[in-house]
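Colleague: I'd like to learn how to read hairpins and a pocket in a model like this one. Could you walk me through it?

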Amino acid sequence: MHALSPEQTRAYLAHIDQPAPTLSDRTALDRLIKAHLDRVAFENVDVLLDRAIHIDTDAVFAKVVGRNRGGYCFEINGLFGRLLLALGFRVTPLAARVRWGLAADAPLTITSHLLLRVDFADEAVIADVGFGSANPTRALPLRGGDGPGEWPFRLLAPDATHDDHRLETFLNDAWVPVYHFDLQPQHWVDYVPRNWYTSTHPDSIFRQMLVAARTEGAERLTLRNGTFNRRGADGQVTQRLLTDADEIIAVLREHFLLGITEDEAPRLRERLEGLLRG
């Protein structure tokens, strides 16, 4: 992973409506995370359009900043990490095993999620803008404990029963797992086959349904096919069911800020109609 160019850095900061920070500290990091989550959606539209997903710097920059689109972790966490490097942060890419939505005894999953370790003089934290529905709104300290933010998360350090770090979120009166990870630094080349699996394998969730997520103030917006949810800071969910493909495309444009073009809309409409039929 290498830093964005000065020109890309300025354009990306303008895209998320942020000035260049004067200090590369925790406060600046949290502000950048929140700004990114507010402006750049987690989404898999290009996967549904059967497009190849490229995760090199120029391709992701062109997609997010040039085309007003989002992406999933290999795209947007990769781009965000390159922005942080350009701004003087110390960044190490890591890999996690997703446990979100799985039973406690579910089989081991592959390391299919890219997240970022950021080191400061006095602490190390995890930064993540690319998980989707359960996404912390601020950095979480690696030492463990409850993390700050509008939506409650906690990061648990290894202990006598677990040899890895565990991210959890409080949902329906219980702490539930999001993902597990260790601190082994990852080489960028190793994300290439993970990205290929995520975008092409028939068992990948991104091949099976539309997913999108974005933060709006204290609310987390999520979309799965035709189910559009708003989860507030108090955990309350407002749900809207979308039964028409054109209505879904309108929601993607209006609420997830996606620059879906008129040329893309017919093919996306066709895919969405198939997903709605089940």
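Modeller: Gladly! Let's start with a term: two strands count as paired if DSSP finds at least two bridges between them. Keep in mind that this is a predicted model.

Colleague: Which residue takes a positive phi in the hairpin of E12 and E13?

Modeller: That is Gly-235, with a phi near 90 degrees, in a hairpin that has five residues between the strands. E12 and E13 (residues 237-241) are antiparallel and share five bridges, and Asn-229 stands opposite Gln-239 in E13.

Colleague: And how many bridges join E11 to E12?

Modeller: Five, again in the antiparallel sense. Here Arg-224 faces Thr-227 of E12 across the pair. The hairpin of E11 and E12 has two residues between the strands, and Asn-225 has a positive phi near 50 degrees.

Colleague: How should I think about side chains along a strand?

Modeller: In a regular strand they alternate between the two faces of the sheet.

Colleague: Now the pocket. Which element gives the most to the lining of the largest pocket?

Modeller: Strand E11 (219-224) does, with four residues. Other elements that each supply at least two include helix H5 (73-86), strand E3 (111-119) and strand E12 (227-231). The pocket has a volume of about 960 Å³. It is lined by 35 residues, and the closest to its centre are Val-98, Trp-100, Ile-205, Phe-206 and Arg-224.

Colleague: What is the make-up of the lining of the largest pocket, by nonpolar, polar and charged residues?

Modeller: The lining holds 19 nonpolar, twelve polar and four charged residues. Arg-224 links our two topics: it is among the residues closest to the pocket centre, and it stands opposite Thr-227 in E12.

Note on methods:
Residues numbered from 1 in each chain as written. Predicted model: local features only at pLDDT ≥ 70, side-chain atom pairs only at ≥ 80, totals over all residues. Heavy atoms only, no water. 1 Å grid on protein atoms, 1.4 Å probe; cavity = no way out; pocket = protein on both sides within 12 Å on 5 of 7 lines; lining within 4 Å. Points joined across faces, edges and corners; volume = space filled by probe spheres on them. Nonpolar A, V, L, I, M, F, W, Y, C, P; charged D, E, K, R; others polar.
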